[in-house]
Amino acid sequence: AAQAAAMLHSLGVHTLQLLTQAAACILLFPRFLLTAVMLWLLDFLCIRKKMLTMPTAEEAATLESLKAVWHGQKLDFFKSAHVGSLAPNPEVIQLDGQKRLRILDFARGKRPLILNFGSC
């Protein structure tokens with residue numbers, strides 16, 4: 001019974017993820033089309049002005065550039081940080097790999113928490 005409940009829970013999680021992705025596609029598609037058309041027009045006008053000819057397939061917006069636009073819009077849609085909202089508090093794993101904490105668990109009182117993602 002416990003195994004069946006776990007499988008049902010897993011199925012529910014996967015279904016929710018699939019529905020979320022489908023909703024994102026539906027919501028983002030008009031924005032993606034508008035962006036793709038704007039990029040194509042910019043490419044077309046810049047190349048046309050420069051060469052006074054129709055752009056070739058290599059010069060116009062490529063499939064890779066459209067994939068990049070789509071990926072960027074999906075990342076923007078699913079981001080967890082938004083202006084005016086609370087900062088995200090993602091889970092982190094200590095270097096020993098044994099303990100999982102949240103970033104804000106490292107905050108102490110009213111002292112600011114500084115994260116340094118650089119390298120020396």
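Trainee: Which residue does Arg100 meet in a salt bridge?

Mentor: Happy to start there, keeping in mind that this is a predicted model, where local features need pLDDT of at least 70, side-chain atom pairs count only at pLDDT 80 or more, and totals for chains, interfaces and linings use all residues. Residues are numbered from 1 along each chain as its sequence is written, and side-chain values use heavy atoms, leaving out hydrogens and water. A salt bridge here is a side-chain nitrogen of Lys or Arg within 4 Å of a carboxyl oxygen of Asp or Glu. At 3.0 Å from N to O, the partner of Arg100 is Glu91.

Trainee: Is Arg100 buried or exposed?

Mentor: Buried means under 20% relative accessible area, exposed over 50%, and partly exposed in between (1.4 Å probe, protein chains only). Arg100 has a relative accessible area of 54%, so the label is exposed.

Trainee: How many residues apart are Asp76 and Arg31?

Mentor: These two form a salt bridge, with the closest N and O atoms 3.5 Å apart. The pair links distant parts of the chain, as Asp76 sits in helix α2 (residues 63–78) and Arg31 in helix α1 (residues 2–51). Helices are DSSP runs (H or I, at least four residues), numbered from the N terminus. The separation is 45 residues.

Trainee: Which residues are linked in a network of salt bridges?

Mentor: Besides the bridge to Arg31, Asp76 meets the side chain of Lys79 at 3.0 Å, N to O. Asp76 is partly exposed at 35% relative accessibility, and Lys79 is partly exposed at 39%. The linked residues are Arg31, Asp76 and Lys79.

Technical notes:
Helix = DSSP H or I, 4+ residues; strand = E, 2+ residues; numbered from the N terminus.
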